[in-house]
Amino acid sequence: MTNPIIIEGGFVLPRPRATDLIKNASIAVAGPLVAAIGSLPELSRRWPNAEIIRYPDCLLVPGLVNAHQHGRGLSQIQLGYHDDFLEPWIAGRRARGALDSHIVTKLAAARMIANGVTTTIHANYSYGTGDYERELRGQIAAYDAVGIRATLCVGAMDRGGTVYPPHEACFVAGLPDDLKSWVSKSPAAAYAGDGAATVELMHRLRRDFASHPRIRFCYGPAGPQWVSDDLWRLIARDARDNSIGIHLHALESPAQKAAASELFPHGTFTHLDDLGVMTPSTVIAHGVWVDDADLAVLARTGATVVRNPGCNIRMRNGIAPLARYLRRGVRVAIGTDNCSMNDDEDLLAELRLAGHLAREPDWNGPPPPSIDDLLAMATVNGAAAAQFGDEIGVLEPGLRADIVAFSLHRTGHPYLDPDMPLLEAFVARAQGSDVRMTMVDGRVLYRDGRYSDVSLDELEGQAAAAAEAARAPRNLADSDRTQRYRQYLYDHYQQLTDRTAGALNQKAGRN
Ligand SMILES: [Zn+2]
């Protein structure tokens with residue numbers, strides 16, 4: 001047990017409910033847990049030897065949860081990738097070498113800590129080294145070194161490595177010979193291998209980190225069009241048997257919507273539900289193109305959806321219907337996807353963007369999210385998505401001391417009308433850079449621009465060197481091939497989306 005700490009705050013928001021805001025409150029922390037919330041004199045009487053950290057002008061909130069990102073501490077723009085549709089963007093990675101994901105994940109974690117994020121979900125992503133377990137273990141070590149709480153998704157995929165099924169063979173057959181042999185050679189098994197190997201890896205990791213208080217695991221099957229029914233069944237069964245969450249991308253892009261209309265004519269989430277995938281521990285990233293049937297399955301099964309608003313705009317995915325999700329009672333969290341509107345890790349800014357984009361221009365439409373809805377997205381809902389639901393997301397005695405102190409200067413200076421609720425102003429105005437202190441498990445990780453365990457300069461230097469080293473493709477001809485390949489993808493998806501839109505319109509006309 002470390003010595004008790006008292007964090008003196010101006011305001012404490014113990015849970016995402018504006019009416020619960022407490023003025024002139026402080027928090028006592030003992031070991032990794034919150035010990036009490038009360039006035040400074042009262043807490044000082046109870047813990048006379050406590051170290052007092054003074055933030056009397058700050059709002060103390062539960063640590064934020066970035067519920068979907070991939071450990072990319074250098075942004076795609078910084079790494080030389082243009083914003084594009086998702087599918088050609090993924091293919092663009094063929095033109096580059098493999099990035100050292102340990103280093104960039106460390107930088108991502110440090111940036112998140114500085115923006116008030118204390119927990120994150122690292123979604124499935126293969127950095128393409130060919131040794132997925134090594135990549136994952138490097139990422140775990142990175143999160144651990146920075147001290148952030150992290151849930152890592154063990155990825156899986158067994159189809160759709162070129163274009164979405166059922167068109168792979170036909171698409172590849174239409175490529176010129178050199179591209180044909182090139183894409184056929186490319187590693188389709190980006191992750192651990194088949195279903196059995198994926199399950200084995202999951203259990204190896206769970207054994208190795210069973211006693212780690214800050215590291216957890218989810219299955220990360222890439223998405224409905226990338227995973228066969230057999231693989232879904234296998235993962236869903238093991239997830240259910242061992243209480244493991246599942247985190248997947250779904251209905252993210254217009255091309256995925258088109259593919260889903262062919263692959264899952266009765267509805268994507270109805271299909272996943274039939275396979276046993278949909279439970280309260282299932283998390284859907286993006287969910288841009290959901291229809292009423294999808295919303296009904298998500299609401300009924302208690303799954304969580306993660307909104308990634310900046311990424312969805314930049315990748316031409318579209319705007320997920322947040323207000324409609326909330327009206328149906330679907331739990332929604334928030335993520336940056338390392339591709340935010342401002343190309344940074346400011347989760348509050350993304351939350352604000354999600355809120356604004358949900359303001360539908362329809363007098364009879366669903367109401368915009370409330371301040372409580374938005375605060376829940378960044379705290380308790382993210383905590384549930386990260387499978388830490390009972391331990392974080394709120395500040396209560398006995399729960400984990402994941403606490404962030406936000407300066408209220410930008411929110412209220414030089415004037416704030418006394419009738420304006422503080423939290424409404426905070427959500428409208430605050431930025432990640434207003435963070436003064438970030439604590440995880442009772443340890444101060446970041447305070448007034450300085451990290452306790454890492455040096456930002458060092459991390460940035462290492463990340464830049466890693467990016468430089470991964471700049472050139474392993475084979476120089478890959479750059480040219482990737483360029484040409486991209487045009488074939490464009491042609492394919494232009495035709496696919498055109499064709500399926502026609503079919504969907506016909507269906508709608510008949511109904
Ligand atoms: Zn993602």
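These are my notebook entries on a predicted model of one protein chain.

**Entry 1: the whole chain**

I began with the overall make-up. The protein chain has 20 helices and 17 strands. Along the principal axes, its C-alpha atoms fill a box of roughly 75 × 55 × 45 Å. I then looked up the radius of gyration, which is 23 Å. A compact globule of 511 residues would come out near 24 Å, so the two values agree.

Next I asked how much of the chain is buried: 51% of the 511 residues are. I also checked how far apart in sequence the contacting residues are. Taking contacts between residues at least 6 apart, I found that 79% join residues at least 24 apart.

**Entry 2**

I looked up the domain division. Domain 1 is made of 5–62 and 399–449, while domain 2 is made of 64–396 and 454–464. Their centres, taken over C-alpha atoms, are 30 Å apart. At the contact, 31 residues of domain 1 meet 31 residues of domain 2.

Which elements supply the domain 1 side? I noted β4 (33–38), β14 (403–407), α18 (422–429), β15 (435–440) and β16 (443–447), each giving at least two residues. The largest share comes from α18, with four residues. Sorted by class, this side of domain 1 holds 21 nonpolar, three polar and seven charged residues.

**Entry 2: a helix pair**

I turned to α3 (residues 101–114) and α4 (residues 132–146). Two packed helices are described by the angle between their axes and the distance between the axes. Here the axes of α3 and α4 come within 8 Å and cross at roughly 35°. The crossing of α3 past α4 is right-handed.

I then listed the residues that meet. From α3 they are Ser101, His102, Thr105, Lys106, Ala109, Ala110 and Ile113. From α4 they are Glu135, Gly138, Gln139, Ala141, Ala142, Tyr143, Ala145 and Val146. In this contact I find eight nonpolar, five polar and two charged residues.

A helix has 3.6 residues a turn, so residues three or four places apart point the same way.

**Entry 3: a covered helix**

I checked α9 (residues 254–263) for burial. Eight of its ten residues are buried, so this helix is mostly covered. The buried ones are Pro254, Ala255, Gln256, Lys257, Ala258, Ala259, Ala260 and Ser261.

Most residues other than glycine have a negative phi, and most peptide bonds are trans. I went looking for exceptions.

A cis peptide bond joins Pro165 and Pro166, with omega about 5°. Pro166 sits in the loop between β8 (149–156) and α5 (168–173). Another cis bond runs from His413 to Pro414, with omega near 0°. I placed Pro414 in the loop between α17 (409–412) and α18.

For phi, I noted Asn338, which has a positive value of about 50° although it is not a glycine. Asn338 lies in the loop between β13 (331–334) and α14 (347–357). Gln387, also not a glycine, has a positive phi near 65°. Gln387 is in the loop between α16 (380–385) and β14.

Are these two buried or partly exposed? Asn338 has 26 C-beta neighbours inside 10 Å and therefore counts as buried. Gln387 has 19 such neighbours inside 10 Å, so Gln387 counts as partly exposed; the cut-off for buried is 20 or more.

**Entry 4: two loop residues**

I picked Arg214 first. Arg214 lies in the loop between α7 (195–208) and β9 (215–221). Its 21 C-beta neighbours inside 10 Å are why Arg214 counts as buried. Leaving out residues up to four places away in sequence, Arg214 touches Arg149, Ala150 and Asp441. I also compared Arg214 with Val440: they are 226 residues apart along the chain, and their C-alpha atoms are separated by 9.0 Å.

Then I took Asp346, in the loop between β13 and α14. Asp346 counts as buried because 27 C-beta neighbours lie inside 10 Å. Beyond its neighbours within four places in sequence, Asp346 is in contact with Asn115, Ser340, Gln431 and Gly432. From Asp346 to Ser281 I read 65 residues in sequence and 26 Å in space, C-alpha to C-alpha.

Methods: Residues numbered from 1 in each chain as written. Predicted model: local features only at pLDDT ≥ 70, side-chain atom pairs only at ≥ 80, totals over all residues. Rg over C-alpha atoms; globule rule 2.2 N^0.38 Å. Buried ≥ 20, exposed ≤ 12 C-beta atoms within 10 Å, placed from the backbone. Contact = placed C-beta atoms within 7 Å. Domains from an automatic or database assignment. Nonpolar A, V, L, I, M, F, W, Y, C, P; charged D, E, K, R; others polar. Axes fitted to C-alpha atoms, helices over the stretch in contact; angles between N-to-C directions. Left-handed = near helix turned anticlockwise from the far one by under 90°.
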